[in-house]
Amino acid sequence: MLPERHKILLLPYQITEYVFYNELHKPFSIFLYLKMFGGDKVPANDEVFAKLRQDLKMSDPKGRTFRKHLQKLLDLNWIGYNAKSGIYHIRSFDYIRAVNGFKKRRATKLFLKDIQQLQVYLAAVLICTKIHGQKYFWERMKGKLRTATKQRGVAKQSRAFRHSTQPPYYGLCNRTIARLLGCKYTRACELKLAAAAAGYLTVRHRYADIKEMDKADFLLRPMLAEHNPALAKRYRFWRQMKDGDKIVKVVQQLHDEIIPHIVCKRVAGFAALKVPFGIIKGFLTTPHKCFRRRRPPSYVFV
């Protein structure tokens, strides 16, 4: 078994966004694996490549999958190759941040198990960060907004902020998650459930009581669908026992509560990022592909 050079990697959040939105999770998993087991320089004949293909399920007989994703890293210059020495040079996170102008200090801890399910991990980071943003706004920033000074320029606050109340729980509906992840509704549900199964977050279904009935009314749902089809899909009918009698309870499904388990860390050294001349020169001579940014407005509570 290969020894890990780094048991934990601090992955900058802006790189997480970049990789996820540009669908680079497969090439990036190779990058992270080499960084964790190989370090900064890896010979082309190193045994780490065989272990990598096995662990990341890229061990097809002809090696086409691995070569395709490795070539993507070479095109991005996230990995360099010296043909004379036969050594691959694994770029640093600072290099990626420098050439893309990423200066935010937020980062998350990444382990080997996360590399093996990288797309789910990246999606979980985006979801958990959104929830942390909700908590930060309501539990910290809201108090600061209320205690603003009375000077004209400072005391102007949004009416929505002044009159809104803190939600009973923090969470996101599947449509908001789909907008956040830039994918279809069904795929957003799959990624959310996969993130929960992997332990990155906890999902709790929430319901609001509507009414109780002695027996089922099979005409109620069609009537609701006629007036409001979207709302009718959220109604559920539960058979329950109450005081020894059978009743039918009508509830409305609300957006799920999401409890994040991925903790964001602020790295002080990220703020003082200096770009070496060689990086600038290499960046200017190598055109970079566009970063597709598919994100909803901040603090969308739906």
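Two strands count as paired if DSSP finds at least two bridges between them. Helices (H or I, at least four residues) and strands (E, at least two) are DSSP runs, numbered from the N terminus. This is a predicted model: local features need pLDDT of at least 70, side-chain atom pairs count only at pLDDT 80 or more, and totals for chains, interfaces and linings use all residues. Residues are numbered from 1 along each chain as its sequence is written, and side-chain values use heavy atoms, with hydrogens and water left out.

**Pairings of β5**

- Strand β5 (residues 106–110) runs antiparallel to strand β1 (residues 9–12), and four bridges join them.
- Leu11 sits opposite Thr108 of β5.
- β5 also pairs with strand β12 (residues 264–266), antiparallel, over three bridges.
- Here Ala107 faces Lys265 of β12.

**The sheet β2-β4-β3**

- Three strands make an open, antiparallel sheet in the order β2-β4-β3.
- β2 (41–43) and β3 (79–82) are the edges; each has a single partner strand, so one side of each has no neighbour in the sheet.
- Neighbouring strands in this sheet are turned by 25° against each other on average, direction ignored. Axes are lines fitted to C-alpha atoms, for helices over the stretch in contact, and angles run from 0 to 180 degrees between N-to-C directions.
- Three bridges link β2 to strand β4 (residues 87–90) in the antiparallel sense.
- Val42 has Tyr88 in β4 as its bridge partner.

**Helix on the sheet**

- Helix α4 (residues 64–76) packs on this sheet and touches β3 and β4. Contact means heavy atoms within 4.5 Å.
- The direction of α4 makes about 95° with that of β3.
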